[in-house]
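This note is meant for a colleague who is meeting the structure for the first time. Please read the numbered points with the sequence and the model side by side.

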Amino acid sequence: MDLQLDQLRALDAVLTEGTFDAAARRLNLTPSAVSQRIKALEDAAGRILVQRSKPVRPTESGLAVLRLARQVHVLAADTARELGEPDRPAGRPARIPIAVNADSLETWVLPAVSRIAGIACLELHREDEEHTTRLLRDGTVMAAITSTATPVQGCRVRPLGAMRYQALATPDFAQYWFPDGARPGSYTHVPMIQFDRNDDLQARHLRGANQQPADPPTHFVPSSTAFREAVRLGMGWGMLPDLQTETDRAAGTLVNINGRARIDVPLYWQQWKLDSPALNAVADAIITAAAKALLPVE
């Protein structure tokens, strides 16, 4: 296959932006020119690569070519930096899309990657740690913080550490709903906070502490900061990371509703097997920060 660089850029832009018009603005082309490049790429590949829907979606073959397009983009940006002349800036930083779980994003990830902002333009995708590998498989991201230790095909994996969660609530909430302590059967009618329907930390705590099925009234709050605030306002109890609640726990404004009950969530770094200085710099920053912020995986 004779796949041209400008055609691969067009595919990346269309699938990233979701429409031909948005891709045209990003590439400073007309939508017709973008469409022609996609058509030429499909002719070269001998198959349809994109579903012309709203938003535009890749076919199975399109996913394979998209991974190639993004790998070429990163390598081209790395090479441009190497060839930069000493008296002017090196090439445009590579765009590195990575998937990050919300609690890591709110606590330790941003300070880590801020140190390499001049090397890579990061595109952060917030996703539950149990579902970030899906974004690796479909080519949306090049790397991910995930709870999956088994490497996705074409990726390598390294352990990062564990985030510790505790079942927390305000003292008044705990006293009102659990006057005799959180015992088996006492959770049934107690309001609970859940991040979204992929968040199973509360369910895991219930399975371990309640010893019987429970379907408590649930508030869904899909923001890590707002989730903590909902618990602090007494809307319900929820599983919150130690990294986010150290001050509250020390001050006694949040308490563990079930003694020392906690859940440790192991996290791993998965990235494409791509020898890219930019991607490797992101990995080094994440791994170094994780070693300081997270607990060792037992």
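1. Contacts of Thr245. When residues up to four places away in sequence are not counted, Thr245 touches Leu168, Arg228, Leu240 and Leu254. It should be kept in mind throughout that the model is a predicted one.

2. Setting of Thr245. This threonine is found in helix α10, which covers residues 242-251. Thr245 counts as buried because its relative accessible area is 0%, and the cut-off for buried is under 20%.

3. Position of Ser276. Is Ser276 buried or exposed? Its relative accessibility is 0%, so Ser276 counts as buried.

4. Surroundings of Ser276. A polar atom of the Ser276 side chain lies 3.2 Å from the backbone nitrogen of Leu279. Leaving aside neighbours within four places in sequence, Ser276 is in contact with Val74, Leu75 and Asp78.

5. Cysteines. How many disulfides does the structure hold? The number is zero. A disulfide is a covalent bond between the sulfur atoms of two cysteines. Two cysteines may be examined individually. Cys121 has a relative accessible area of 37% and is therefore partly exposed, whereas Cys155, with a value of 4%, is buried.

6. Secondary structure and dimensions. The protein has 11 helices and 11 strands. Its C-alpha trace spans about 70 × 45 × 30 Å along the principal axes.

7. Burial and surface. The protein comprises 298 residues, and 45% of them count as buried. The accessible surface comes to about 14900 Å². Carbon and sulfur atoms account for 50% of that surface.

8. Contacts along the chain. Among contacts in the protein with a separation of 6 or more, 73% are accounted for by residues 24 or more positions apart.

9. Charges. The protein carries 33 positive and 34 negative charges.

Definitions and conventions
Residues numbered from 1 in each chain as written. Predicted model: local features only at pLDDT ≥ 70, side-chain atom pairs only at ≥ 80, totals over all residues. Heavy atoms only, no water. Helix = DSSP H or I, 4+ residues; strand = E, 2+ residues; numbered from the N terminus. Buried < 20%, exposed > 50% of the residue type's maximum accessible area, 1.4 Å probe, protein only. Contact = heavy atoms within 4.5 Å. Areas by Shrake-Rupley, 256 points an atom, 1.4 Å probe, with all protein chains shown as cover. Lys, Arg positive; Asp, Glu negative; His and termini not counted. Charge placed at Lys NZ, Arg CZ, Asp CG, Glu CD. Polar contact = N/O pair within 3.5 Å; in protein donor to acceptor, adjacent residues only side chain to side chain. Disulfide = S-S within 2.5 Å.
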